[in-house]
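I opened this entry to keep track of what I looked up in the structure.

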Amino acid sequence: MAPPESPAAKPKKRVRLTPWRGPIHFLLLLTTSSLTLMLPLFYVFVVVLMGFYVGWLGFEWVTSLALAEKWHWQDILPLGYISAGAVTWTFMLRPLMPRPRSIHVALQITPSSQPRLFEMVDEICWHLRLDPPQEIWLDTTTGIRSSVKDGVLGVAGGELILHIGLPIVAVANARELAGMLVRELAMNAGGLGTTFSHLVRELNTWFYRALHERDPWEMELCTRRRKETGGQRAVRVITWLWMGLAKLPFGLFVIAAKLISVAALVRLGQGADRAAMNVIGKDEWKRLEQKLAMLQGAWDASKTEIKRGMTQHRLPENLSLLLARHVAREERKSGTAPHSSARPHEGPASVIVQDLTADAPAAALIRSFVDLSRQVTCFYYQHELGIGLHETRLVADEEVIHQNRREDESLVIIRRYFGGLAHPERAMCGLGNTPLVSPGRLQLQDEILRVRTEIREWGGRLKLALHEWNLAWQRRRDLESAALMSLAGYTISRIQFGTDDTTPQSLRSEAARQRMLMEHMETALAAYEAKLESRFAAALGLLWWVEKEQLNDVLLDRRQDLPAWVSIYEAMAGALPSFRELLTTFFAFQTLGARFASQDDTASSFNALQTVVPKMTNLLKQILSTLDGAMYPFTQSKRRIPLNEHLLQGKLPEPVNISMNPGAAADTKAMSAKMASDASDVIAPFVDRFLHLYHKAYAWLAESAELTEQHFLGPLSLGSDTELLMPEEFAKMNEEQTLAPKSRLPVK
């Protein structure tokens, strides 16, 4: 088959991407594919031979019974092993009938809808002297993989199908995505050996699917049923074990196929890796491999979050953005994020990515990336996990990560000290009259004991009020996100929010009502929290004012650091109302996925950016002004620095001036996209650092108060009526529902 011609729009010189592969490589592929192809045929021969043997045993048994003059009870015994052999033979046929390939959780795209992506794929295939893929599908996997249409039976046709995981697109930049596409497509390039490389890969995929994939009724054999008698359980377990043992011979053939093809696959993989490095460079490829490892870890973590969300009926609406947020946090922690000043790779093969800037996100190559990712996420929930979306609220990815912080040790300490009666984003600071000078040890102890006793009286009321306040804030965050998505032109479900319509005005009106509800509850909450604050302040005052001889070594160490942590806590507590507003707005911004905006997006999305980014910037400035003058003493150099300098590590985005000239629309889009990207790069780390430091300071003080009370008064026991506070914490107690998606092809 003649290779495709170069696109007329880009008459570039064809360059070699893969290393030269001579006749030895061709013979290796030919030998490997031939031997691997013989394995299923040989297994069929074994199954047929066993079938003839079982049939012959049955025939001999029936013949002996027919010719016998008299029957004895021992004559029935052969029926047992003949029946067992027949059942085993039936189960051995199962691997030869694997389930058909399923692509119901993927979304097919076309050249007309995604011209830039298809143009890149076509150019890579032209350089590889490979026919372009016939179909490209987007899914929720964490990899890019190619396969031949119709599997092993379609190898002769050689029609490629390319699957691209949208989480990969969300975390990679445009050059990295090009490198991954080159790597995957190069696995199929080999001149005369292309057909044999297809055959080797498809046979290995077929062996994997035949051995591991199960029908729903087979999966149910592994699950214990609610109302199941002992006999039914025995039949189910025996059937499951019997089917597994019957597959052991086929498992040996799978191992043999892997051993036979390992040399060819390793050689193909090395050549594909070399092709990717020729395009983007060794350093960038190494960073990409680290990022892919982080992505896999993020996917494992998101499974826990999805599992928790299934019990709460609150799921992340965009898995790709959720995983990208996880990876971004891990990159900041490990310091593996590439520098913008890094010099791009230069070489003959880099002509493929010469038009792509190093900081351009891969999502910019896909039109309406956020909307497509939301659709694929819904497909995954509905078809892969079997979740009814009409019963579930889809929320921002940042909301999910925020809920997952409930497992942090800091929040566990806060809940433990306050008996589950302290909201982690509310402060107990300045609500009531607390002593400024020492009133004496006995009075401080009496205050602690008094509040301990009173908690049993009004703790339930406070817990209920905080629960309602948190639900109102939660609903407000959902409505603000939905209003922004509606303003950006995305489809919003009216059933999800219970409003008359899904216009931005209607959603914002409902969000304003939820805000008013929160404000009405503030007076009652503050009255109860002031009592908790009096106990909190008395315990810390006891630690600070008593004689040093009355403290143990642990409390003496904490007493030295007490002023520093108190100053941090007081400063951040004063900024907490503005920070909650920033958190609400930031959730909406993260839901919009604005950092992935491109020139192909509609003007509505940029209008939405013009409303949310300046609001976030103003709120952040308010927080910084509140924190002005506060110092952060816990640096590596032991030098005190301004708290603002520790929290904000970057420059706030400048507002974009909207031009009335229609010809300047493209420039306005570009500036708005840059403003959104800058806001995400600066505000997201600020939110993480603020929450982490505030919770750390809050927990340090709570633990110090707890240790002080235990030292002077003994431990506090509120009884079994004290429960966890947050909705996600209630759900955590019932996390017995397993997350068991249907099996998929292995990610390459």
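Whole chain. I started with burial: 51% of the 748 residues count as buried. I note here that the model is predicted. I then looked up the accessible surface of the chain, which comes to about 35,900 Å². Carbon and sulfur atoms hold 58% of that surface. For secondary structure I found 23 helices and eight strands. I also checked contacts with a separation of 6 or more, and 83% of them are between residues 24 or more positions apart.

Cores. Which residues have the most contacts inside the largest nonpolar core? I found Leu 181, Tyr 381, Phe 418 and Phe 690, in a core of 181 residues. Helix 22, residues 665–712, gives this core its largest share, 21 residues. Apart from this core lies another of 16 residues, including Leu 39, Val 47, Met 92 and Leu 221.

I took Phe 690 for a closer look. Leaving out residues up to four places away in sequence, I listed what Phe 690 touches: Met 572, Ala 575, Leu 576, Phe 579, Ile 623, Leu 627 and Leu 647.

Surface. I looked up a nonpolar patch and found one formed by Leu 37, Met 38 and Leu 41. Together these three residues have about 290 Å² of accessible area. Leu 37 sits in helix 1, residues 23–67.

I went to strand 2, residues 135–139, and asked how many of its residues are buried. Five of the five are, so strand 2 is largely enclosed by the rest of the structure. In a regular strand, side chains alternate between the two faces of the sheet. I checked the directions in strand 2: Glu 135, Trp 137 and Asp 139 point one way, while Ile 136 and Leu 138 point the other way. Residues of both sets are buried.

Next I looked up the partners of strand 2. Strand 1, residues 107–109, runs antiparallel to strand 2 and is joined to it by three bridges. Within this pairing, Ile 109 has Ile 136 as its bridge partner. Strand 4, residues 160–165, runs parallel to strand 2, with five bridges between them. There I recorded His 163 of strand 4 as the bridge partner of Trp 137.

Definitions and conventions
Residues are numbered from 1 along each chain as its sequence is written. This is a predicted model: local features need pLDDT of at least 70, side-chain atom pairs count only at pLDDT 80 or more; totals for chains, interfaces and linings use all residues. Side-chain values use heavy atoms; hydrogens and water are left out. A nonpolar core is a set of buried Ala, Val, Leu, Ile, Met, Phe, Trp, Tyr and Cys residues joined through side-chain atoms within 4.5 Å. Buried means under 20% relative accessible area, exposed over 50%, partly exposed in between (1.4 Å probe, protein chains only). Helices (H or I, at least four residues) and strands (E, at least two) are DSSP runs, numbered from the N terminus. Contact means heavy atoms within 4.5 Å. Patches are made of residues with over 30% relative accessible area and no salt bridge: like charges are joined within 9 Å, nonpolar side chains (Val, Leu, Ile, Met, Phe, Trp, Tyr) within 5 Å. Accessible areas come from the Shrake-Rupley method with a 1.4 Å probe; for residues, only the protein chains shown count as cover. A salt bridge is a side-chain nitrogen of Lys or Arg within 4 Å of a carboxyl oxygen of Asp or Glu. Two strands pair if DSSP finds at least two bridges between them.
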